[in-house]
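This report walks through a single protein chain for someone meeting it for the first time. The sequence and the structure come next, and the description follows them.

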Amino acid sequence: MAEKQLSGQCLCGAVGVTATPARPHIEACHCAMCRRWGGGAFLGVQCGENVVFTGEEHIARYPSSDWAERGFCIKCGSNLFYRFTPANNYSLTAGLFDDTGDLTLGEQIFIDEKPGWYDFAQDTVRKTGAEVIAEAKDAGFEFD
Ligand SMILES: [Zn+2]
Ligand SMILES: [Zn+2]
């Protein structure tokens with residue numbers, strides 16, 4: 001089933017985005033890097049490579065590891081995306097979108113790195129960092 005196209009923008013509006021979710025849910029990442037980057041769990045919508053930005057000249061891309069970059073608006077600082085570079089897979093910050101339609105919180109990853117002082121109430125799939133990395137390796141990606 002094709003998901004509905006989403007549209008959104010950063011806080012100042014200099015960057016706009018349209019994309020179609022690749023999966024019918026929002027994912028939370030609790031890893032230490034995501035929390036340091038965004039101040040809390042990263043809430044993202046995986047949209048694959050079919051992502052169209054406006055105001056691309058206002059986007060800065062920070063290479064946070066050998067296999068990923070994180071994008072933000074250089075005018076207002078809004079976090080825009082995590083991109084898994086080997087697959088060119090964008091996970092767009094859920095908060096950018098005006099309306100996320102029927103998407104629900106469906107998966108939590110790096111659950112083993114989540115601090116004890118918050119929990120999401122939804123009953124979701126939960127994966128440890130080791131499980132996420134093992135899945136990616138099984139899919140053919142390398143990390144060392
Ligand atoms: Zn902005
Ligand atoms: Zn993370």
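Predicted model: local features only at pLDDT ≥ 70, side-chain atom pairs only at ≥ 80, totals over all residues.

Eight strands make up an open sheet with mixed pairing, in which the order is 6-7-8-9-4-3-10-11. Strand 6 (59–65) and strand 11 (125–127) stand at the edges of this sheet, and because each has a single partner strand, one side of each is left without a neighbour in the sheet. From one strand to the next, the twist averages 30°. In a regular strand, side chains alternate between the two faces of the sheet.

One part of the sheet can be followed residue by residue, beginning at the edge formed by strand 6. The table sets out two pairings, both of them antiparallel.

| Strand pair | Sense | Bridges |
|---|---|---|
| Strand 6 and strand 7 (residues 68–73) | antiparallel | six bridges |
| Strand 7 and strand 8 (residues 79–84) | antiparallel | five bridges |

Strand 6 is joined to strand 7 by a hairpin that passes through two residues. Within this pairing, Ile-59 has Cys-73 of strand 7 as its bridge partner, while Tyr-62 stands opposite Arg-70, which also belongs to strand 7.

Strand 7 forms a hairpin with strand 8 as well, here with five residues between them, and Gly-77 in that turn has a positive phi of about 85°. Across this second pairing, Gly-71 stands opposite Phe-81 in strand 8.

What is the count of buried residues in helix 2 (residues 129–138)? Among the ten residues of helix 2 the count is zero, and the helix is therefore described as hardly covered, a residue being counted as buried if 20 or more other C-beta atoms lie within 10 Å of its own. Just after helix 2, Gly-140 takes a positive phi of about 105°.

How values were computed
Residues numbered from 1 in each chain as written. Chains lettered and ligands numbered in written order. Pairing = 2+ DSSP bridges. Helix = DSSP H or I, 4+ residues; strand = E, 2+ residues; numbered from the N terminus. Axes fitted to C-alpha atoms, helices over the stretch in contact; angles between N-to-C directions. Buried ≥ 20, exposed ≤ 12 C-beta atoms within 10 Å, placed from the backbone.
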